[in-house]
Amino acid sequence: MYPINNRKYLKICAEIAKLMSISLSSAKKKVEIQIAKESSKTVQEKIQVAQNILEICKKNDGDKLSSSRILDKLMETLDDEDNFLTED
């Protein structure tokens, strides 16, 4: 897939990156994967897919489910397992 250089598309991807606390290239990759799944052809369809992903991200951010918050929660240790280390 060739890169999309539409200003509106890039702005939406930048907003997705900000909400998810990821890089712009990662946000664009997420959108491109969804575009491929939906077999979108025109630039307008691709912008619509990006807009749909942005709306989902805004909803998740409102629900406090951003990726950075989820990662922080997963990285917490349990009280009784602070010094636990698994060896292979």
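**Helical architecture and core of the predicted protein**

The protein exposes about 6,900 Å², of which carbon and sulfur atoms supply 53% (Shrake-Rupley method with a 1.4 Å probe; for residues, only the protein chains shown count as cover). The structure is a predicted model, in which local features need pLDDT of at least 70 and side-chain atom pairs count only at pLDDT 80 or more, while totals for chains, interfaces and linings use all residues. Residues are numbered from 1 along each chain as its sequence is written, and side-chain values use heavy atoms, with hydrogens and water left out.

The protein contains four helices and zero strands (DSSP runs numbered from the N terminus; helices are H or I with at least four residues, strands are E with at least two). From the N terminus, the order of elements is α-α-α-α. Of the 88 residues in the protein, 23% are buried (buried, under 20% relative accessible area; exposed, over 50%; partly exposed, in between; 1.4 Å probe, protein chains only). Among contacts with a separation of 6 or more, 51% involve residues 24 or more positions apart (contact, heavy atoms within 4.5 Å).

Helix H1 (7–20) has 14 residues and reaches 20 Å from its first C-alpha to its last, close to the 20 Å expected at 1.5 Å a residue (expected span, 1.5 Å times one less than the number of residues). Its buried residues are Tyr9, Ile12, Cys13, Ile16, Ala17, Leu19 and Met20. These residues lie on the same side of H1, because they cover an arc of only 165 degrees around the axis (the arc is that of the directions from the helix axis to the C-beta atoms). Arg7, Lys11 and Lys18 are exposed on the other side of H1. Glu15, also in helix H1, is partly exposed at 27% relative accessibility. Glu15 and Ala27 are twelve residues apart in sequence, and their C-alpha atoms are 8.9 Å apart in space.

Helix H2 (24–38) has 15 residues and spans 21 Å from first to last C-alpha, close to the expected 21 Å. Ser40 is located in the loop between helix H2 and helix H3 (43–62) and counts as buried, because its relative accessibility is 12%. Apart from residues up to four places away in sequence, Ser40 touches Ile35, Glu45, Lys46 and Val49.

The largest nonpolar core comprises 17 residues, of which Tyr9, Ile12, Ile16, Val31, Ile35, Ile53 and Cys57 touch the most other members (nonpolar core, a set of buried Ala, Val, Leu, Ile, Met, Phe, Trp, Tyr and Cys residues joined through side-chain atoms within 4.5 Å). H1, H2 and H3 each supply at least two residues of this core, and the largest share, seven residues, comes from H1. Ile12 is in contact with Ile47, Ala50, Gln51 and Leu54, its neighbours within four places in sequence being left aside.

Cys13 is buried, with a relative accessible area of 0%, and Cys57 is buried at 9%. The count of disulfides is zero (disulfide, a pair of cysteine sulfur atoms within 2.5 Å).
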